[in-house]
Amino acid sequence: MWSEDVILRNLLEHNAERVPDREVITFEDGSRWSAAEALAQARAAADVLRDHKVVYGDTVAVSLTNGPEYLRVWWGCQLLGVVIAPLNTGWTGRVLTHVLSVVEPTIVVSQGELLAEIRRLGPRAEFVEAGELTQGDREYPGAECRPQFS
């Protein structure tokens, strides 16, 4: 039996409601996200992904280094109920082509040269620059339906 207490979406929402000012992460550059800010960042990403027609059950491939961009997309995917396929940022050429053909993502989120390399390989997917995920509605609640566990 699954406990809803450990589903990331529920943890983000619970903490944002009950302890909104509690710091949940500090990044290498010293910037910090509170519980409320973490949820707002996830909602912004979820809203942009939804605008790109990403829906519950889709796969989002992510090629980003560790940092706010990665957490934003990961947590945004959790709000939508989509699968995240993390890609090693060191993969190129045939290895990356093979992984993308196996994963079959609906959309690829990356940035800079990494995104250019993935575009060049031509998977059948949409592409989103990671910075675009900050532009979504920070109040967007996420998926209209939640998976049911028994």
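How many aromatic pairs does a search of the whole structure find? The search turns up 3. Keep in mind that this is a predicted model.

- Phe27 and Trp33 make an edge-to-face pair, with 5.0 Å from centre to centre and 75° between the planes.
- Phe27 has 9% relative accessibility, so it counts as buried.
- Trp33 comes in at 6% relative accessibility, so Trp33 counts as buried too.
- Trp33 also pairs with Trp75: the ring centres are 6.1 Å apart and the planes are at 55°, so this pair is tilted.
- Like Trp33, Trp75 is buried.

- Strand E1 covers residues 23-26 and strand E2 covers residues 32-34; the two run antiparallel and are joined by 3 bridges.
- Across the pairing, Glu23 in E1 stands opposite Ser34 in E2.
- Together E1 and E2 form a hairpin, with 5 residues between the strands.
- In the turn, have a look at Gly30, which has a positive phi of about 95°.

**Helix H1 against helix H3**

- Helix H1 (residues 8-18) packs with helix H3 (residues 68-80) at an angle of about 100°, and the axes are 8 Å apart.
- Angles of 65 to 115 degrees count as roughly perpendicular, so that is how H1 and H3 lie to each other.
- On the H1 side, the residues that meet H3 are Leu8, Arg9, Leu12 and Glu13.
- On the H3 side, their partners are Trp74, Trp75, Gln78 and Leu79.
- Sorted by class, this contact has 5 nonpolar, 1 polar and 2 charged residues.

**Ser63 in its loop**

- Ser63 is found in the loop between strand E3 (59-62) and H3.
- With 3% relative accessibility, Ser63 counts as buried, because the cut-off is under 20%.
- Leaving out residues up to four places away in sequence, Ser63 touches Leu87, Asn88 and Thr89, along with Val109, Ser110, Gln111, Leu114 and Ile118.

Definitions and conventions: Residues numbered from 1 in each chain as written. Predicted model: local features only at pLDDT ≥ 70, side-chain atom pairs only at ≥ 80, totals over all residues. Heavy atoms only, no water. Pairing = 2+ DSSP bridges. Helix = DSSP H or I, 4+ residues; strand = E, 2+ residues; numbered from the N terminus. Axes fitted to C-alpha atoms, helices over the stretch in contact; angles between N-to-C directions. Parallel < 35°, antiparallel > 145°, perpendicular 65-115°, else oblique. Contact = heavy atoms within 4.5 Å. Nonpolar A, V, L, I, M, F, W, Y, C, P; charged D, E, K, R; others polar. Phe/Tyr/Trp six-rings, centres within 6.5 Å; stacked < 30°, edge-to-face > 60°. Buried < 20%, exposed > 50% of the residue type's maximum accessible area, 1.4 Å probe, protein only.
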